Amino acid sequence: QENLGTGVNEFLLPEPADGEYEIKISGGQNAIYEINISSFKENGNDYLNKIKGIVSDNNDETLEIDYSQNQTSEIKRSVSSQDLINDLNELKNLGLFKNNGIYNSLLAKIPIAQLSASVNKKTSINILNALFNEVKAQRGKGITEEAYQILIYDLNYLKNN
């Protein structure tokens with residue numbers, strides 16, 4: 001395992017075949033990462049995919065890339081309710097919540113969304129929307145911008161999948 005540091009690291013894969021690829025991200029401590037993936041189309045235009053996440057010594061992340069030479073390539077990080085809980089805990093450990101009240105409020109709603117998902121998807125989406133609105137209201141106040149971006153991604157993924 002190579003220690004790549006905190007700067008910019010670049011990996012170039014020239015002319016990959018269309019298909020699905022995975023990137024596994026791991027770390028020995030809690031850290032926020034940002035991945036920028038540029039894909040170039042046949043006409044030379046590029047498309048930039050950005051995604052942020054958080055890793056820890058016991059929580060690796062796997063990004064899925066659906067690459068196409070002719071279509072817009074997509075990158076995503078699959079998120080479960082447990083992943084959202086893990087992200088909340090790791091963001092808290094990094095000190096990215098201004099106080100524990102915000103963290104506790106968000107954490108308390110997740111089991112309710114999980115339970116209601118098995119009964120009524122619409123109710124679960126309403127609870128996820130409440131979480132979304134709370135995170136949005138705390139942006140730059142009770143939570144940092146980095147935490148905001150990670151949590152909004154998680155909540156959007158859960159609402160749409």
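Colleague: How far apart are the mean positions of the positive and negative charges?
Modeller: In this model, which is a predicted one, the mean positions of the 15 positive and the 22 negative charges are 14 Å apart.

Colleague: Which residues gather in a patch of negative charge on the surface?
Modeller: That patch brings together Asp18, Glu20, Glu22, Asp66 and Glu74. Glu74 belongs to strand E5, which covers residues 74-77, and Glu74 counts as exposed because its relative accessibility is 54%.

Colleague: What about Ser68, what does it touch?
Modeller: Leaving aside residues up to four places away in sequence, Ser68 touches Asp18 and Ser73, and Asp18 is one of the residues in the negative patch. Ser68 sits in the loop between strand E4 (61-67) and E5, and with a relative accessibility of 14% it counts as buried.

Colleague: Let me step back, how many helices and strands are there?
Modeller: The protein has 4 helices and 5 strands, and along the sequence they follow the pattern β-β-β-β-β-α-α-α-α. Taken along the principal axes, the C-alpha atoms fill a box of roughly 50 × 35 × 25 Å.

Colleague: And what share of the residues is buried?
Modeller: Of the 161 residues, 34% are buried. The protein exposes about 10000 Å², and carbon and sulfur atoms supply 47% of that area.

Colleague: Back to charges, how many salt bridges does a search of the whole structure find?
Modeller: The search finds 7 salt bridges. Among them, Asp154 pairs with Arg77, with their closest N and O atoms 2.9 Å apart. Because Asp154 lies in helix H4 and Arg77 in strand E5, this pair ties together parts that are 77 residues apart in sequence. Both Asp154 and Arg77 are buried.

Colleague: Which residues are linked with that pair in a network of salt bridges?
Modeller: The network links Glu61, Arg77, Asp87 and Asp154. Asp87 is part of helix H1, residues 81-93, and it counts as buried because its relative accessibility is 0%. Not counting residues up to four places away in sequence, Asp87 touches Ile54, Asn59, Glu61, Arg77, Ile150 and Asp154.

Colleague: What does Lys109 meet in a salt bridge?
Modeller: The side chain of Lys109 meets that of Glu134, at 2.9 Å from N to O. This pair links distant parts of the chain, with Lys109 in helix H2 (residues 100-119) and Glu134 in helix H3 (residues 121-138), 25 residues apart.

Colleague: Are those two buried or partly exposed?
Modeller: Lys109 is partly exposed, because its relative accessible area is 24%, whereas Glu134 is buried, with a relative accessible area of 19%.

Colleague: And where does Arg139 come in, what forms a salt bridge with it?
Modeller: Glu145 does, the closest N and O atoms of that pair being 2.8 Å apart. Glu145 counts as partly exposed at 31% relative accessibility, and Arg139 is partly exposed too, with a relative accessible area of 40%.

How values were computed
Residues numbered from 1 in each chain as written. Predicted model: local features only at pLDDT ≥ 70, side-chain atom pairs only at ≥ 80, totals over all residues. Heavy atoms only, no water. Patch = residues over 30% accessible without salt bridge, like charges linked within 9 Å, V, L, I, M, F, W, Y side chains within 5 Å. Areas by Shrake-Rupley, 256 points an atom, 1.4 Å probe, with all protein chains shown as cover. Salt bridge = Lys/Arg side-chain N within 4 Å of Asp/Glu carboxyl O. Lys, Arg positive; Asp, Glu negative; His and termini not counted. Charge placed at Lys NZ, Arg CZ, Asp CG, Glu CD. Helix = DSSP H or I, 4+ residues; strand = E, 2+ residues; numbered from the N terminus. Buried < 20%, exposed > 50% of the residue type's maximum accessible area, 1.4 Å probe, protein only. Contact = heavy atoms within 4.5 Å.
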